[in-house]
Amino acid sequence: MPVPPRPSRWRRAGLTALTILALCCAIAAPASAAPLTETEPNDSQLAANGPVPADGYVSTINVSDDVDWFIFRLQGRRQVGITYNRLGGGSDGCSHLHIAEASSGRVIVDDDVFPRVISQTWTTPRDATEYVGRISPFSSSCVGTQTFVQITTPSALITGPLPPPSYPRSLSVVAPAQVGQDVTVP
């Protein structure tokens, strides 16, 4: 006597192929987060906004002497792209963008921000690195200028703390032995 086929666990649960397909399609893809919008006070390197997410950073010049600082962290040994442009307000080239490595001060971007999208690329150093950026106005006519900055290589971004370096950063000093020397310490 032939054994009848055993129903699958999906069929036992009352789920057909169409129901399973509908359930799979109902799971929404995660929505993209909005760019990080500056929050005051961010007028110094110690009060910098960030870390900047993959969706970028939006800065607004609120007063004529406003300076907006932000930070972002990148993995080591990566080819990284960045774009920046003026979203609105103020006049063309009214704000200036400066980005440098936090530890060494090596300048990555030092340019005026125009309404067109400007792109630059560079290679990150050996270890993961934190970068600091500064957006500053040229005059009182810059009030209201919005600038958008985005890393175009989002896989290079680190949103949490920097990982430890791949090599020890401590300095070891070995003093040469001195023969026949008496040392007096006051």
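Modeller: Two strands count as paired if DSSP finds at least two bridges between them; helices (H or I, at least four residues) and strands (E, at least two) are DSSP runs, numbered from the N terminus. The model is predicted, so local features need pLDDT of at least 70 and side-chain atom pairs count only at pLDDT 80 or more, while totals for chains, interfaces and linings use all residues. Residues are numbered from 1 along each chain as its sequence is written, and side-chain values use heavy atoms, with hydrogens and water left out.

Biologist: Which residue in β9 is the bridge partner of valine 58?

Modeller: Strand β2 (residues 57–60) and strand β9 (residues 146–151) run antiparallel and are joined by 4 bridges. The partner of valine 58 in β9 is phenylalanine 148.

Biologist: Which residue forms a salt bridge with glutamate 130?

Modeller: A salt bridge requires a side-chain nitrogen of Lys or Arg within 4 Å of a carboxyl oxygen of Asp or Glu, and the whole structure holds 2 of them. For glutamate 130, the closest N and O atoms of the pair are 2.7 Å apart. The pair links distant parts of the chain, 57 residues apart, from strand β8 (residues 129–137) to strand β3 (residues 68–74). The partner in β3 is arginine 73.

Biologist: Is glutamate 101, which forms a salt bridge with arginine 106, buried or exposed?

Modeller: The closest N and O atoms of this pair are 3.0 Å apart. Buried means under 20% relative accessible area, exposed over 50% and partly exposed in between (1.4 Å probe, protein chains only). Arginine 106, at 39%, is therefore partly exposed. Glutamate 101 has 7% relative accessibility and so counts as buried.

Biologist: How many residues does the largest nonpolar core have?

Modeller: A nonpolar core is a set of buried Ala, Val, Leu, Ile, Met, Phe, Trp, Tyr and Cys residues joined through side-chain atoms within 4.5 Å. Among the residues with the most contacts inside the largest one are Phe70, Leu97 and Trp122. β3, β4 (79–88), β5 (95–101), β6 (107–113), β7, β8 and β9 each supply at least two of its residues.
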